[in-house]
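This briefing sets out selected features of the structure shown below.

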Amino acid sequence: MKKSTPLLVAMGLGLSACGQTVTKNNAADHVDLVKKTALESTDTMNKKVMPNYASENPFFAQSGLYMNYPAFDKISNSHYGPAFERGMAEQLVEVDKIANNTEAASFENTILVMEQSGQILDRVSRVFYGLSSAHTNDDIKALRSDVAPKLSAHYDAILLNSALFARIKSIHDQLDTLTLNAESARLVKETYKDFVGAGAQLSDKNKETLKAFNLELATLTTQFSQNVLEEVNAKAIIVDDVKELAGLSKTQIASAAEAAKARDLDGKYVLPLLNTSQQPSMSALENRKLRQRILETSMGRGSSGGDYDNRELVSKVFKIRAQRAQLLGYDNHAAYQLVSQTAKTTDAVNARLATLAPPAVANAKKEAADLQAMVDQQGGDFKLAAWDWDFYSEKVRAERYNFDESQLKPYLEMENVLVNGVFYAAEKVFGLTFKERKDLPTYHPDVKVWEVFDADGSTLALFIQDFYARESKRGGAWMNAYVSQSKMMGTQPVVANHLNVPKPPAGEPTLLTWDEVTTMFHEFGHALHGMFSDVNYPSFSGTSVPRDFVEYPSQVNEMWADWPEVLQNYANHYKTGEAMPRELLDKVLASSKFNQGYGTTEYLAASLLDQAWHQLSPEDVPSAENVMAFEADALRKAGVNLSTVPPRYRTNYFSHILGGYSAGYYSYVWSEVLDADSVEWFKENGGMTRANGDHFRKTLLSRGGSEDAMTIFKNFRGAEPNIQPLLERKGLTGK
């Protein structure tokens, strides 16, 4: 999730109207050309007509559909390029008018006008980047590569505009004398910080160096993300003999056969890879050699040669980020990134991770010993390896708690979990109700749209449900906003949740794992953050908060997944409708700390790896051939180099840190401190009540980024965050 302001729309990725390939050498020239053309046609543009552009394009005006919902049925690949071109051109004209205004700079003629600029660019970016993640194709991939450097140059042209920054600075310098409300004053401060952080105070010479860095990074990170997606599809595991799939359910085997047919591999079986190191099928597959092949293939992504090897890319990215940070006055990229987060410093992040790593590793080693005992008990003549962990942890779980994942799944049918679990919890806590809208177009047949009604019956938002995995979709789970809430713009939220649940054969139910259930509740927490937004300015809407705060509300929403009242409402057998037996429910709750050593260690290993890379100086960044050696050494130095517990992501397919979470993957555990403490608050105050939900909504979920994040938390909690509930949740107290 990215900051969703019209000015700072997600930088990234796409194709030009004329089909010109833009490289690092000509992107700046492209901006000059667009700027010149736009300035020459200002009068024409004011009449909403641009020369040399198609007259019909869904992005040139608001969609006209209910709540500005995107007209997916009218959008084609050919519309994106012209919309990006026109959107950039119009925004440059708007910005130049602000920068060259002869009137004294004011909040109204500078900050507010900027906040409203770039509407076409905002519309096309939201849809384009939404679909480049959720339902991409060859044209979109080409567009991403082409537009990435253009957008980099475009935003540099705005953020490094000296005349524009002078006006912003003059307003910022006299802020104490202005009669602005709190949110407007914060907008001035944050806009000033954005410009300073982007290099507005650099010399002209250093600005040119910075532009070159940004341009190169835009190209490299785009290529990285495309390599990850291409390789995860190319390296799907092909199995010749169904006997090798022993342990999988009939539905899982049928899905593997369907996946093979889709690749013209009739008679074979395909197990798609997900983005993480470990793969879901490994918890059930009895064939140890196949488990080993799956994990080694997964962990070898991006580093085994061929077209998708990312070692050179990541080496260049980390070096340029380090160089850019020093140019901007910071020791390293992590220091540069963290100054705008709630953590503030690398020392704070390092201390938090260092505090959690030793007890997590100790727990993981105890768990490994238990798994080895199970291996020995079952006559296995081998030492536990990483590809054995999930398989034998399920056996230990079954022995210790007398149940396994397969017992749960019949009670976890996907639509029932959504409607009678996720939606039910939102109704009980916040008074929301939901109605499916079949009249609104979608970008894929598997997608559904829901209208969300507030407690008073008024429409609050539109919610897009996209839960099935497909080759055109990136891995993982996420939320994005196609329309963000803003009183100034008169807009209400249109938000989407995406999962990657394997789609069963036609006629078969979609039965979830417990992790998938938790993920559904988690992502809906992000959706609630977007839907409850009640701010004036788009810059502060919904999830436009510090990176290490954005996961917090979504993690809080996970609590309802196993809240007894909620679980009893949705955990019904898909065939009989029978409720999950109380004893099975008790076992689910009792096992909540099971395997937490492993889960915390694999997460911390990835977080520590992120910090290790981003706390390097430029001269210390290893070359491509030494990338993997650096990774191994970083994990060893951090004390998390367990052979049985690989990091959740390795460097060469770690999309989070090569994208928006650079130096920020720690944020999940940082946010989880707030989450665990908030869950305690709910329990202390009566649990699932409307009063609690209304308080959480009013003081926190509705505020977006309109106030300081930790101030918002303290307004909700009434106290500073306490780490003890998190330690107890994860079994890290030593008790």
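Leaving out residues up to four places away in sequence, Ser-678 touches Tyr-552, Val-556, Phe-713 and Phe-716, where contact means heavy atoms within 4.5 Å. The model is predicted, so local features need pLDDT of at least 70 and side-chain atom pairs count only at pLDDT 80 or more, while totals for chains, interfaces and linings use all residues. Residues are numbered from 1 along each chain as its sequence is written, and side-chain values use heavy atoms, with hydrogens and water left out.

**Ser-678**

- Ser-678 is placed in helix α25; helices (H or I, at least four residues) are DSSP runs, numbered from the N terminus.
- With a relative accessible area of 0%, Ser-678 is buried; buried means under 20% relative accessible area, exposed over 50%, and partly exposed in between, with a 1.4 Å probe and protein chains only.
- The side chains of Ser-678 and Tyr-552 make a polar contact at 2.7 Å. Such a contact is a pair of N or O atoms within 3.5 Å; within protein, one must be able to donate a hydrogen and the other to accept it, and residues adjacent in sequence count only if both atoms are side-chain atoms.
- A polar atom of the Ser-678 side chain also lies 2.8 Å from the backbone oxygen of Leu-674.
- Between the C-alpha atoms of Ser-678 and Glu-85, 593 residues apart along the chain, the separation is 45 Å.

**Asp-677**

- Asp-677 is likewise found in helix α25, which covers residues 667-684.
- Asp-677 counts as buried because its relative accessibility is 3%.
- Neighbours within four places in sequence aside, Asp-677 is in contact with Phe-713, Arg-717, Glu-720, Pro-721, Asn-722 and Pro-725.
- For Asn-722, the backbone nitrogen lies 3.1 Å from a polar atom of the Asp-677 side chain.

**Second largest cavity**

- A cavity is a set of points, on a 1 Å grid over the protein atoms alone, where a 1.4 Å probe fits but cannot get out; lining residues have an atom within 4 Å of a point.
- Residues lining the second largest cavity include Val-556, Trp-560, Phe-682 and Phe-696.
- Two or more lining residues come from each of α17 (414-430), α18 (514-531), α19 (547-557) and α26 (690-701), and α19 gives the most, with 3 residues.

**Helix α15**

- The 13 residues of α15 (residues 389-401) should span 18 Å at 1.5 Å a residue, and the end C-alpha atoms are 17 Å apart, which agrees; the expected span is 1.5 Å times one less than the number of residues.
- Among the buried residues of α15 are Trp-389, Phe-391, Tyr-392 and Arg-397.
- The buried residues of α15 pack against α11 (288-299), α14 (346-377), α16 (405-408), α21 (582-590) and α22 (596-614).
- Asn-402 follows α15 and has a positive phi, near 60 degrees.

**Thr-345**

- Thr-345 lies in the loop between α13 (333-338) and α14.
- Its relative accessible area of 37% makes Thr-345 partly exposed.
- The backbone nitrogen of Ala-348 is 3.1 Å from a polar atom of the Thr-345 side chain.

Conventions:
On a 1 Å grid over the protein atoms alone, a cavity is a set of points where a 1.4 Å probe fits but cannot get out, and a pocket is an open set with protein on both sides within 12 Å along at least five of seven lines; lining residues have an atom within 4 Å of a point.
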